[in-house]
Amino acid sequence: MTAVMGEQSSSVDPNTAPRHSASSVRWARRLEVFREVLRNPLTVIGFVIIILFLLMAIFAPLLVGANEPDPYQSPRDWANIDVPPGEAGHVLGTDSTGGDVLYGIVWGSRLSLQLSLTVVISTLVIGTIVGSVAAMRGGRVDNFLMRIVDVFLAIPELIFALAIAAVLGPSFRNIILALAVVFWVKYARIIRGEIIRVKQTDYVAAAKVVGDSTWNVYRKDVLPNAITPMVVQATLDMGNVVLIGAALSYIGLAQAGLTEWGAMVSAGQSGILAGQWWVSTFAGLAILLWALAFNLVGDGLRDVLDPKTEGR
Amino acid sequence: MAHDALLRVEGLTVDFQTSRGLARAVDDVSFSIKRGETLALAGETGCGKSVTARSILRLVPQPPGIYSAGSIYFQGIEESEPLDVLEASEQQVRALRGDRIAMVFQDPSKALNPALTIGRQLGEVFAEHREASVFESAGLGSRSRGASRYLRHRGGLVRRTAYRFTHPSATKRLTEALDERVLQALADTGVPNPRKVMTSYPHELSGGMKQRVMIAQALACDPDLLIADEPTTALDVTIQARILDLLSELQERKGTAILYITHDLSLVRQIADRLAVMYAGRIAEIGDCRDLLSAPLHPYTQGLMNAIPRAETKRGELAAIPGTVPVLIDAPRQCHFVSRCAWAGKACTTHIPGESHPLPDRLVSCLRFESAAAVGAAPGDMPQQYASAEVTT
Amino acid sequence: MQVRQYLIRRLMLLPLIMIGVSIIVFTLTRFTGSPVGIYATPNMTPDEVAALEARYRLDEPIPVQYAYWLGGVLRGDLGWSGVSVAPVTEVIGLKMTATLELALAAALIAILGGIALGTIAGVRRNRGPDHAARFFAIAGASTPTFWFGLLLLIPFYLWLDWFPLGRSTPEIFDSITHPTGLYTLDSLLNGNVSAFWDAIRHLVLPAVVLAFGAMAIIVRMMRSSMVETMSEEYVDAARAKGLPEREVVKKHARRNAFVPTATVIGLSFGFLLQGAVAVELIFRWPGLGSWVTSAILSGDQATIMAYVLVTALIFMLVNLAVDIAYAYLDRRVVLGG
C-alpha cells in the first residue's frame, strides 16, 4: 500500500478537445522546429550566406555576364593581367592570364552548387536504399552490404575520390562522380543504424502486432524518425563536398582554367611569391564562406533535432 | 532549538535563473535536525526537497542557482560555533563534505563513476579526509609532499607515476592502508566478499549492491549527518526493505542523524522520527512522524492521506487532489496550495501563511490556524476553521 | 579474457577489409588504358612488355588477373613508379616515414591542444573560453587546408623567413644516420642538436597547418563530451565527497569524456592523411602526398594505386590502435554492460 505523492487528475476532457489530423500536426511540428532553428543567430547567418550564394549562382549571367563559348572559363583581359583589386574595372583583380577574379567567384558558385547538390542528393538516395535494404533484410544481406561499407570507409574520402578521379581523367564531371561514389556509404550506415534502433522500439512492435505490412511500418514509423540525422549530415555534406572538391581541383583534377574555386587558388598561388595575393585569397575565402554557412546551419539543425548531443 | 541541534535550516530560499524568468525552487524553508534523529523530508516531484538537501552541502550549481536568502547552520561535535554553510569558504565546505555531512544519491548506477573501481572511489574519501591516519597505518611518519600528492591524486599523471617509481615501497604501503580502510567500510555495511567488490567496476554489481556501496562510501568517515536522497526509488521493492534495514541498523550503531528525502509516504513511517512535508517549495507541516501521519493538520497532508487506498475503499472511489502543482516563476504572494485546497478562503490568495503551532510538537503553515487579527485580514476572508471532525482516520 | 577476445575479433577483420580495399584498387587499375602500364618502365622493348602481359595473365578473365595482381602485391611488386623512376617498393618506405612524421607531429598538436581546449570549453560552458573554442572548431571545420597553408606561408615564410620549405637542409640531413626514418627522432638518437633544430624548423609550419582541421574536430567532440559528463550524477557525487573542483573535473568528468573522443581521434587521423596531400604539396614536404600529386599530373598509375593501399592500411591500423585504447578506457563496451 504505497502512497506516492503527486497523483493528479487530468483537467482536459477528451470529448471536447480539438481534433487535429495527423498531417497537420506534422506540419505544425516542422514549423515549430524551423522556428526553433532560427532562434540561433549563428544559424541565421549561415542561412543568409547560403541564400546569397544561391542568388549568386542563379543570377550569374546577370551579375557578371556569361563568357562565350564556355561560361566556366573566365574571359581573358590580356591587357590587364595581374591587376590588383579595384583597378582597371576589375573589382577583385585579375590573375596571370587576365581572368577576372569576381567572374570566377560568381560562376564558381554555380559549379559549387552543381557539385554539392548532385553529390548530396544522389548519395542520399543511394545510401538510403542500400542502408534500408541492409537493415530491413538483416542477416546475410546486411552482413555483406556492411562489409562493403567498411571497406569503403577504410579509405579516407579525399584519397579515394582522388584515385577515382585520377583514373577517370581530370574533369569536373569526374570529380562529381568520384565524390558520389565515395560519399554514399556514410548515409547507408546512418540509416541502417537508425532503422535497427527504431525496429527495436515498442511502437514498431505495436504496429507489427496490429498487422501493418513491412513497407507501411517502414514508411510511417521507421523512416520519419531516421530522417533527422540524415538531414543534419546532408547539410554538413553540402559544405564538405565543396571542400573536398576544391581540394581535388586544387591538386589538378579539374580542367585547366576552370572557374572553380579550388582551381583558382591553385592558379593564383605562384603569384603569391610575387606579392599577388588576391586570386588565391578571394577564391579560398569563397570556399570558406560556403563551408562555414553549411556548417553553421547543420550545427543549428543538430542542436534542435538531436537534443541529447547538446544543450544550450 | 539550541545546542543539541545538529543542523538548523533558517529561511532558506533558492532561486533558479531560467529562460522564462526567475523560478523559486525553495521558499523560506526552515527546519532543524537533532543529533541521531531521522527527519524525513517528503513531497512530490518538483516540490524542492532535492534542492533543499543539496543546499546543505552547497551543491547547487551557482549559475543557474542562486542562494537568495537564509542560512544553514551546522554544528559538528568538535566545533564550538555553528557554521553557516552558505557563507562558509570553499575550503570549509569541502572539509564538511564526505566527512561530517555525507550524501547518498538516488540512482546508484548514475552516482558511481563507471570508469573507476569501487575501491578507487571509496578510497578517495579516505585520501581526502583521513590523510594523517592513512599515513600512520602505512608507517610513514612525516608526510612528504610527494606522498601526499600521490595519495590525493594531485599534481599530474607524470609526477605521480614518477613518485610511484621512486618510492615503490611507500606507494605499496599507502595503497594497502587505503585498501584496508575501504574493506572495513564495505564490511561494515554487510557487503559480502568485500575484496571482490573493491576491485570491481560499478556496472559489474547489482543495483542493491551498488546502493550498499554508496552507503558505505557515505558512512566511511562516520559523518554526523547523512543525507539520503530517495535512496530506494531506483531499486526493486524487495531490495528496498533491506536497504532500509541497513540504514536503521547503521544509524543505531553510529548515532548518525539522517535526513531522508522521499516521495513515498509509506516508507516514512518505518524509518523516521519526525516528518516534514513540503509543497511547492514551502514547508507545509512538520511534526513527530507517527502523530503527523495519523492526525495530519495541513490540507495538503490530509489530501495525501485520503488518497491512500485502503482495504475498505470502494471501487471507483479513488480520491485524488484536484488541480496541478503551480509553476513558481514570479509566483504571487499567497499560499501555493490555494488552487487545490478544499478549505481555502479569500485571505489565502492574498497572504502567505506563517508558522503555527496548534499542537505542542507540530508546525503547520496554513491560515486555518491563524487568527484574522494576527494575519490582518477580514474574518470573513479567512479559510474554514480547523475542526477535528474533518480529520479522517 | 573478454578484452582480448574483442581485440582478436577486430584484428581478424583487418585483413578482410584490406582484401576489400585491394579489390577496389584493382578495379580502378582496370579502368586505365593499359593495365600493364603499372609494371612497364619507359624503356622496355615490346617483347619485354609482352612478357609482362603474360606474367600477369592480362589476357585471362578478370578474377585470374586479380589473383596474379594480388600475388604480385604480396610479393612486393607494386609496379614501376614513373615519377620516381624506380620500383614503387623502393621508394615508398622513405615517403611513408616522411608523411608519418608530419602526421604524428600534427596529431600530437591536435590531440593535446584539442583536449585542453575542449575541456576548458566544456567546463566553462557558454562563457568566454567556450565561445572562443566553438568559433575555433567551426572555423577549423570550414577552412580549406590548402588555402590555410598558403595563408600562413605568406607571413611566416615570405615576409619573416622563420620557417623554411621542405623537410630538411640537405647538408645537415646527410650528416646523421637515419635508423627510424623520422628526422626528429633520428637527430635525437644521433645526439645532434643542430640536426634536431633543423628538423623542427621545417616541421612546425606544415604540422600546425595540418593540425588545424583535426584539432577543430577534437575540440568540438571533447567539448560536447565534457558538457555531458559534467552534468552526470557521479560528478556531483564526487563533489559531495569533498573533492576539489579541479580533481572532480580531471579525474571524474574528463576521464569519462575521453571515451567518445577516442573514436573521433581515430577518425581525425584520416583527416590528417587527407590534408597531408595538400600540405605536402605546398610546403614541398617529400612524403606520400606530394608523391601522389606528381603521379596524378603525369598519369602514373602504379604510384596512385600504391598510395591508396598504403594509406588505407595506415588508417586501419590507427583506428585499430584507437579501438584498443577505447576498449581499455570503457570496459562496458567490451563486456556489453
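This dialogue walks through two interfaces and one chain of a predicted model.

Reader: What should I know before reading the model?

Author: The model is predicted, so local features need pLDDT of at least 70 and side-chain atom pairs count only at pLDDT 80 or more, while totals for chains, interfaces and linings use all residues. Residues are numbered from 1 along each chain as its sequence is written, chains are lettered from A and ligands numbered from 1 in the order in which they are written, and side-chain values use heavy atoms, with hydrogens and water left out.

Reader: How many residues of chain A are in contact with chain C?

Author: Contact means heavy atoms within 4.5 Å. Here 47 residues of chain A touch 44 residues of chain C.

Reader: What is the area buried between chain A and chain C?

Author: The size of an interface is often given as the accessible area lost when the parts come together. Buried area is taken with a 1.4 Å probe and summed over both parts. For chain A and chain C it is about 3700 Å². Carbon and sulfur atoms give 75% of that. In chain A, Ile159(A), Val167(A) and Ile251(A) lose the most area to chain C. Together they make up 15% of what that side buries.

Reader: Which residues form a salt bridge between chain A and chain C?

Author: A salt bridge is a side-chain nitrogen of Lys or Arg within 4 Å of a carboxyl oxygen of Asp or Glu. The rule finds 1 across this interface. Asp299(A) pairs with Arg220(C), and their closest N and O atoms are 2.9 Å apart.

Reader: Which element gives the largest share of the side of chain A that touches chain C?

Author: Elements are DSSP runs, numbered from the N terminus: helices are H or I with at least four residues, strands are E with at least two. Helix H11 (278-305) of chain A is among those that supply at least two residues to this side. H11(A) gives the largest share, 13 residues. By class, the side has 31 nonpolar, 8 polar and 8 charged residues. Ala, Val, Leu, Ile, Met, Phe, Trp, Tyr, Cys and Pro count as nonpolar; Asp, Glu, Lys and Arg as charged; the others, Gly among them, as polar.

Reader: What does the interface of chain B and chain C look like?

Author: Here 30 residues of chain B are in contact with 19 residues of chain C. The buried area is about 2300 Å², with 55% from carbon and sulfur atoms. The rule finds 4 salt bridges. One of them joins Glu124(B) and Lys241(C), at 2.9 Å from N to O. Helix H3 (108-111) and helix H4 (118-129) of chain B each give two or more residues to the side that touches chain C. H4(B) provides the largest share, 6 residues. That side has 11 nonpolar, 9 polar and 10 charged residues.

Reader: How many helices and strands does chain B have?

Author: Chain B has 15 helices and 11 strands. Its radius of gyration, taken over C-alpha atoms, is 24 Å, close to the 21 Å that the globule rule gives for 393 residues, so chain B is as compact as a globular protein of that length. The globule rule is 2.2 Å times the number of residues to the power 0.38.

Reader: Is helix H14 of chain B mostly covered or exposed?

Author: Buried means under 20% relative accessible area, exposed over 50%, partly exposed in between (1.4 Å probe, protein chains only). Helix H14 (residues 299-307) of chain B is mostly covered, with 7 of its 9 residues buried. Among them are Pro299(B), Tyr300(B) and Leu304(B). The buried residues of H14(B) pack against helix H12 (265-271), strand E9 (274-279), strand E10 (282-288) and helix H13 (289-294) of chain B.

Methods
Buried area is the accessible area (1.4 Å probe) that two parts lose on being put together, summed over both.
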